[in-house]
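Hello,

Here is the structure we spoke of handing over. My notes on it follow below.

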Amino acid sequence: MPERLRERSWEMLLAVILVGTIVYNATQSPVYLDVDNFVNLFRLSIEKVIVAVAMTFVIINGEIDLSVASVMAFAACVLAAAHESGVSFGLAIVIALVAAASAGFVQGLVVAKTGISSLVVTLAGLIGFRGAARVLLEDRSIGEFPDWFGDLGRADFLGPMPFALVLFLAMLVVGGVILHRTSFGRRVYVIGNNADVARFSGIDVPRVKLTLFTMSGLVAGVAGVLFAARLGSVRANIGEGFELDIITMVLLGGVSIFGGSGTLLGVALAICIVLNLRNGLGLANVEANTQTGVIGALLIVSVLAQNLLDRLPLRRREAEAEA
Amino acid sequence: MTTADVAGLRGTRSRPGRTAVWIRPERVKELSLLGVIFVALLVFGFLVDDYFSGRIFNRVTTSVAITAVLAVAQTLVIVTRNIDLSVGSIVGVTAYLTGQFASSNPSASPAVAIAIAVGLGGLLGAINGVIVAYGRVPAIITTLGTLAIYRSWLISHGEGKTITADSLPSWVVDLPTRTAFSIGGLDIRVVFAVVVAIVVVLQVAMQRLRWGRRLYAIGSNPEAAAQAGLPTRRLVLGAFIACGALSGFAGFLFLSRFGNITVVAGQGLELDSVAAAVVGGVSVLGGSGTLFGAFLGAVLIDVLDQSLVRVPQVSEFWRNAILGALILAAVIADVVIGRRFRRRWSAEARPHTRVGDGSTDVPTEAPVLTGAPRGGEARDA
């Protein structure tokens, strides 16, 4: 199976880059290898990496969800608005998560039932749900959440890890099992490879897509709530532009933008690379915006390198032998 | 704009043996969009006192110039089944660098400054195009990357400095308020007239020239286009260069409109350009949509933008919520209307599919009327 070979070699390449980054960073700073530093790396981007797990499913399915950052903000604003209006905080969280899942459900419904490209539908979602967040909070900032809620984002939960990080690791494991070990996961791949074939094989394509978009909305909602917990206050413009970072991580992880291939392991490695690279560049006094440029270049070069590798005769022979 | 319309209608009438098709489907999209714009104006006329004055017309025409150019630029690329997410960054880079040039060479002629903006934009577009067409990296990945790269280059180049309107030569700053001519009390700004001219010329080129028809052919079916011997790579590269050059021109317009340019100038314009194109009936799956439609999409969004803030009952915070709903409504209406139209249209057109000379565009556009060659599968289920 050349596809399998491709995925494996991609993961190897990512692992090499990751080890290289870590070794280089370790020589740059003595504190780099501390557990605290690693936990901190994740803590500062935990919302993005949580959403990246759901995004992996959506992209492998051959779709894309540009609305995640707006749905995050929408959920956080629903939470804040409910809290402000005197609803008990636990209920406010439930309302926020239901709102986010509904946001995903509505978009999924349009994609699944009309066949309109998810790029367009979720672009409308990106603009519309950010708008809904603005309608809710206007230009106010709402804070003063209960202490236990703030602790979700900051305090140690399991060993040195905060709750959000534990949740992310759990999602990786559960997501990996679902994607790679269940029939639902196989359906996600088949649809991504060829939706016509999937339909003729009796797979309920709209239903799978609806499930994935609802899940994507729900996960974005969870991330938005956790973001609110970490920030301590909510504004309508939080998380603007996160969708690009999240999609970058997933694509760097070797997931094909056309769907049908990629692994969660690859995405996990890519997440580690992006976080460590940013950290290392930060230690080397490279500014944050230049870091973004470096990651953008890495994204292009990684796909370009793969395309060039594919043309090498040696690799082609290997792939043929494997097939 | 009327020129494009007339050209389209004349094309329909002069085609031999095709009397059954009384109007082209993309004309229907454009006309219904015009209708929506008209209705929106009427509604705002009701809600806002003194709405139909020269001021709102001037506001819309000045501010739509930038998004209209970007919408047209984006459409050139989207039609080939690609996308350019870096246009906002290209606008930022060209606006900033052209501003730097103009403020350090106040005596330089306007033509030089505009040529720098357009040339620079074309260069950045060429980088995108080479990576997409020859490196075979999907456009969304490439331009997501260059979106970040161009912007971060600009931020480190600019070192947080701002270009101020005071430092610019007066012809740059005065440009947006220059009036070309007046019709019945309405001032037509030079900028708007130029943009309309660009849209008309490119629309005619896309409809009449081989280059334009080939871009549609690539977007309809890339494999078929390659099999038919079209130089697909060169054409896609050309589309990206054209998109970059137009974005560079938009960058110049941005500079002259705002005068004060920071390193984050133009951020987010890529989404506005895609939104305008989509509202204008351009299919993101390629092969379908007109520049005139994209222009109208930009106008509609801008009318909403400029008018909503003046409606007392609605706060400005509703802007994005309404825009999101509008995009969704536009694409859903497109599918619903398109489906009905296609049934009737294809029934009439089928016997004549092969009629016409090589320049006839019916065969390429017929199957993609609803613009969903790939998305079609889920619809029937």
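Chain B has 16 helices and two strands; helices (H or I, at least four residues) and strands (E, at least two) are DSSP runs, numbered from the N terminus. This is a predicted model, in which local features need pLDDT of at least 70 and side-chain atom pairs count only at pLDDT 80 or more, while totals for chains, interfaces and linings use all residues. Residues are numbered from 1 along each chain as its sequence is written, and chains are lettered from A and ligands numbered from 1 in the order in which they are written.

Of the 381 residues of chain B, 47% count as buried. A residue is buried if 20 or more other C-beta atoms lie within 10 Å of its own, exposed if 12 or fewer, and partly exposed in between, with C-beta atoms placed from the backbone. Among the contacts in chain B with a separation of 6 or more, 78% are between residues 24 or more positions apart. Two residues are in contact if their C-beta atoms, placed from the backbone, lie within 7 Å.

**Helix packing and core**

Helix α3 (residues 54-78) of chain B packs against helix α11 (residues 232-258) of chain B at an angle of about 170 degrees, and their axes are 8 Å apart. Axes are lines fitted to C-alpha atoms, for helices over the stretch in contact, and angles run from 0 to 180 degrees between N-to-C directions. The angle makes α3(B) roughly antiparallel to α11(B) (under 35 degrees counts as roughly parallel, over 145 as roughly antiparallel, 65 to 115 as roughly perpendicular and the rest as oblique). The residues of this contact divide into 17 nonpolar, three polar and one charged. Ala, Val, Leu, Ile, Met, Phe, Trp, Tyr, Cys and Pro count as nonpolar, Asp, Glu, Lys and Arg as charged, and the others, Gly among them, as polar.

One of the α3(B) residues that meet α11(B) is B:V69. Not counting residues up to four places away in sequence, B:V69 touches B:V195, B:I198, B:L246, B:F249, B:A250 and B:L253. B:V69 is also among the residues with the most contacts inside the largest nonpolar core, which has 208 residues. Such a core is a set of buried Ala, Val, Leu, Ile, Met, Phe, Trp, Tyr and Cys residues joined through C-beta atoms within 7 Å.

**Hairpin of chain B**

Strands β1 (residues 179-183) and β2 (residues 186-189) of chain B pair in the antiparallel sense over four bridges; pairing requires that DSSP finds at least two bridges between the strands. In the hairpin, two residues lie between the strands, and B:G184 takes a positive phi near 50 degrees. B:S182 stands opposite B:D187 in β2(B). None of the five residues of β1(B) is buried. In the loop between α7 (170-174) and β1 of chain B lies B:R178, which is partly exposed, with 13 other C-beta atoms within 10 Å.

**Interface**

The contact takes 45 residues from chain A and 46 residues from chain B. On the side of chain A that touches chain B, the largest share, 15 residues, comes from α6(A). By class, that side has 26 nonpolar, 13 polar and six charged residues. A:G115, in the loop between α5 and α6 of chain A, is buried, with 21 other C-beta atoms within 10 Å.

Regards
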